Amino acid sequence: MNDTALSGSSADLVERARGLAALLREHADEADRGGRLPEAVATALRDAGFLSLQVPRALGGPGADFRTAFDVYTELGRGCGSSGWLAMVLSGGSYMASLLGERARQELWGADAGAVVAAQRHVRR
């Protein structure tokens, strides 16, 4: 991830997402057929900071608010719904993890503000 990936105003983040739409659209069928994001798409989303969009600013992330995050996911989804959805799920995991204590946040993002957090809902049966 480059140093500017996790920086910028809300408008910058949304414009960056809009700029990825063509790449995502180009690989959308492959993502749907394969059941996973093609490497080029996963790399582009990570490099742009969209898989850790809601990492707190204090830990080097963009700390995007919900409106900005929603607008970013919408733009990504215009290119590929799967890519927008995955960015939303992973960024949401970052948001939830940001509510943990300071020690946990440092373990997650202390060395890499672009670290990706996946969250899973546990269902009891």
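Which residues of α1 are buried, and what covers them?

Author: Some conventions come first. This is a predicted model, in which local features need pLDDT of at least 70 and side-chain atom pairs count only at pLDDT 80 or more, while totals for chains, interfaces and linings use all residues. Residues are numbered from 1 along each chain as its sequence is written, and side-chain values use heavy atoms, with hydrogens and water left out.

Helix α1 spans residues 10–34 (helices are DSSP runs of H or I with at least four residues, numbered from the N terminus). The buried residues of α1 are L13, V14, A17, L20, A21, L24, H27, A28 and A31 (buried means under 20% relative accessible area, with a 1.4 Å probe and protein chains only). Their cover includes α2 (39–48), α3 (66–79) and α4 (81–98).

H27, one of these buried residues, is also where α1 bends by about 50°; the bend is the angle between axes fitted to the seven residues ending at a residue and the seven starting there. Just after α1, G35 adopts a positive phi of about 70°.

The axes of α1 and α3 lie 6 Å apart, at an angle of about 20° (axes are lines fitted to C-alpha atoms, for helices over the stretch in contact, and angles run from 0 to 180 degrees between N-to-C directions). The two helices α1 and α3 are therefore roughly parallel, a term for angles under 35 degrees. On the α1 side, the residues that meet α3 are S10, L13, V14, A17, R18, L20, A21, L24, R25 and A28; their partners in α3 are T68, D71, V72, E75, L76, R78 and G79 (contact means heavy atoms within 4.5 Å). By class, this contact of α1 with α3 comprises nine nonpolar, three polar and five charged residues; Ala, Val, Leu, Ile, Met, Phe, Trp, Tyr, Cys and Pro count as nonpolar, Asp, Glu, Lys and Arg as charged, and the others, Gly among them, as polar.

L53 is buried, with a relative accessible area of 0%.

Note on methods: Buried means under 20% relative accessible area, exposed over 50%, partly exposed in between (1.4 Å probe, protein chains only). Angles under 35 degrees count as roughly parallel, over 145 as roughly antiparallel, 65 to 115 as roughly perpendicular and the rest as oblique.
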